[in-house]
Amino acid sequence: MLGLDSLQRSTFRHGVHPPEWKEDTRGSPIRQFPFAPLLAIPLLQHAGRPAIPCVREGEHVVRGQRIADQDGDMSVPMHAPATAVVKHIAAMPSISGRMIEGIYLEPVPASTQEAREGEPCLVDAASADEIIAAIQNAGIVGLGGAAFPTHVKLRVRDGAHADTLIINGAECEPYLTTDHRVMLEQREDVLLGIRYLMKATGADRTIIAIEANKGDAADHLREALPADGDVSVEILQVKYPQGAEKMLISALLGREVPSGGLPIDVRALCVNVATAAEIGRLLPHGRGIEERVITVTGPAVKNKGNYRIAIGTPLRFLLESVGVEEGVGRVFLGGPMMGAAASSLDISITKGTSGVVAFSEEETRASRVPEYPCIRCGYCLDACPMQLNPSQLGLLARKEEHDRMAEEFRLMDCFECGSCSFVCPSHIPLVQRFRIAKAAVRKAASAS
Ligand code: SF4
Ligand code: SF4
């Protein structure tokens with residue numbers, strides 16, 4: 001049992017307390033979701049370069065078969081989520097609203113859907129480089145939402161060393177219970193994944209970080225920790241955005257990642273717990289990632305739950321299958337704080353989709369409140385975990401003074417957590433403005 005002192009220590013400065021909204025799904029065991037009649041697999045689902053198709057239209061593919069190769073190091077391959085026929089290789093809508101190239105697969109109804117296995121990568125036999133290569137070959141990216149290629153994150157620069165690997169099971173985003181269920185139901189995969197990650201990175205110890213609202217998952221993992229004491233479970237305060245990398249490092253290690261820096265600059269690496277579980281599940285069988293666990297919830301969803309869903313499942317099919325109330329309004333991929341509103345129901349579930357949260361039209365309308373001028377209440381300053389001045393940044397954003405925002409007010413340190421918007425009594429869409437401003441700064445930098 002943690003004392004008050006320990007609870008006070010295990011958090012970061014500032015942050016907010018949005019309602020959790022997790023009670024509808026936290027007790028729902030993971031269920032397998034049916035295949036859609038047509039799967040749409042975008043070739044770019046991760047940070048970096050799109051994958052390159054290695055199958056032809058009309059070809060028959062087996063579940064788990066590689067259907068697209070990585071394009072260089074900052075890229076990952078794609079694997080067939082179902083035994084299927086390649087219908088088209090063509091443009092498809094993406095979450096950003098842009099059309100991007102992808103592979104349409106038509107699952108074969110009579111197939112057993114047994115997944116193809118490849119060359120196993122065994123933790124005791126493989127070298128660090130072999131594990132990192134196997135993680136790339138499995139197409140694994142950060143499943144917490146960032147979709148950053150995991151093998152790139154693990155390959156630390158020469159001279160750097162991560163003394164601590166943090167496994168992120170905080171899941172601070174409202175509504176989402178994916179990581180919670182993975183910790184309860186895939187404990188062996190999580191712990192095996194940690195062994196692979198520790199060997200790949202040479203980390204001296206691992207901390208599994210869990211918010212205090214998931215005590216059952218913490219107890220469950222603690223019962224099976226290795227006896228050598230290199231892996232521990234730490235309980236964190238329930239506070240948003242506790243699961244952000246910099247906040248985790250601050251809360252657990254008391255180290256501050258410098259502005260523009262990375263966790264490795266303070267000898268830490270963070271990997272999402274669902275990513276660790278997939279490493280432990282897939283590598284011993286030489287398999288690639290072609291499905292993932294997702295929380296499907298929100299006031300407009302009838303059959304809320306946690307589902308293992310094929311990558312490429314169209315959002316429209318998903319919502320029709322779980323049933324939605326008459327008139328679905330806004331749908332978030334990820335949670336409502338850091339997730340993105342779906343631009344259309346024709347986009348697909350990708351590797352980075354940790355949840356689908358649907359609101360009714362009525363609720364969506366009610367959330368569209370008028371914006372008022374800044375009253376300089378300072379709530380946003382108290383909320384910002386990066387100690388930025390969102391009020392001042394907001395005023396400059398209106399005037400499109402992007403350079404000043406970046407140079408004088410550390411705009412690029414904003415990681416778009418939305419805490420400032422959440423607390424603003426004037427309903428100023430601060431985080432939306434910061435996203436636009438950051439994109440403008442990046443565009444200007446790449447043009448110069
Ligand atoms: S919370 Fe909103 S109203 Fe208050 S200072 Fe910040 S931007 Fe202004
Ligand atoms: S969105 Fe950016 S400015 Fe606003 S609270 Fe989060 S980090 Fe701070």
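Select ligand 2 in this predicted model, and then the 15 residues that surround the ligand, a residue being near a molecule if its C-beta atom, placed from the backbone, lies within 6 Å of it. The closest of these residues are Cys384, Cys414, Cys417, Ser419 and Cys420. Two elements give two or more residues to this shell, namely helix H14 (419-423) and helix H15 (430-447), where helices (H or I, at least four residues) and strands (E, at least two) are DSSP runs, numbered from the N terminus. Colour H15 separately if you wish, as the largest share of the shell around ligand 2, three residues, comes from this helix. Coloured by class, the shell shows 12 nonpolar, two polar and one charged residues, with Ala, Val, Leu, Ile, Met, Phe, Trp, Tyr, Cys and Pro counted as nonpolar, Asp, Glu, Lys and Arg as charged, and the others, Gly among them, as polar.

Before moving on, note that residues are numbered from 1 along each chain as its sequence is written, while chains are lettered from A and ligands numbered from 1 in the order in which they are written. Because the model is predicted, local features need pLDDT of at least 70 and side-chain atom pairs count only at pLDDT 80 or more, whereas totals for chains, interfaces and linings use all residues.

Next, select the open sheet, in which four strands follow the order S2-S8-S7-S4 with antiparallel pairing; two strands pair if DSSP finds at least two bridges between them. Strand S2 (39-42) and strand S4 (60-61) stand at the edges with a single partner strand each, so one side of each is left without a neighbour in the sheet. S2 pairs with strand S8 (residues 99-107) in the antiparallel sense over four bridges, and isoleucine 41 can be found opposite isoleucine 103 in S8.

The last stops concern the backbone. Most residues other than glycine have a negative phi, and most peptide bonds are trans. In the loop between helix H1 (4-9) and strand S1 (31-32), select histidine 14, which has a positive phi of about 70 degrees although it is not a glycine. Histidine 14 has 18 other C-beta atoms within 10 Å and is partly exposed, the class between buried (20 or more other C-beta atoms within 10 Å of its own) and exposed (12 or fewer), with C-beta atoms placed from the backbone. Finally, go to the loop between strand S11 (231-236) and helix H7 (245-253), where proline 241 is found; a cis peptide bond, with omega about 0 degrees, joins tyrosine 240 and proline 241.
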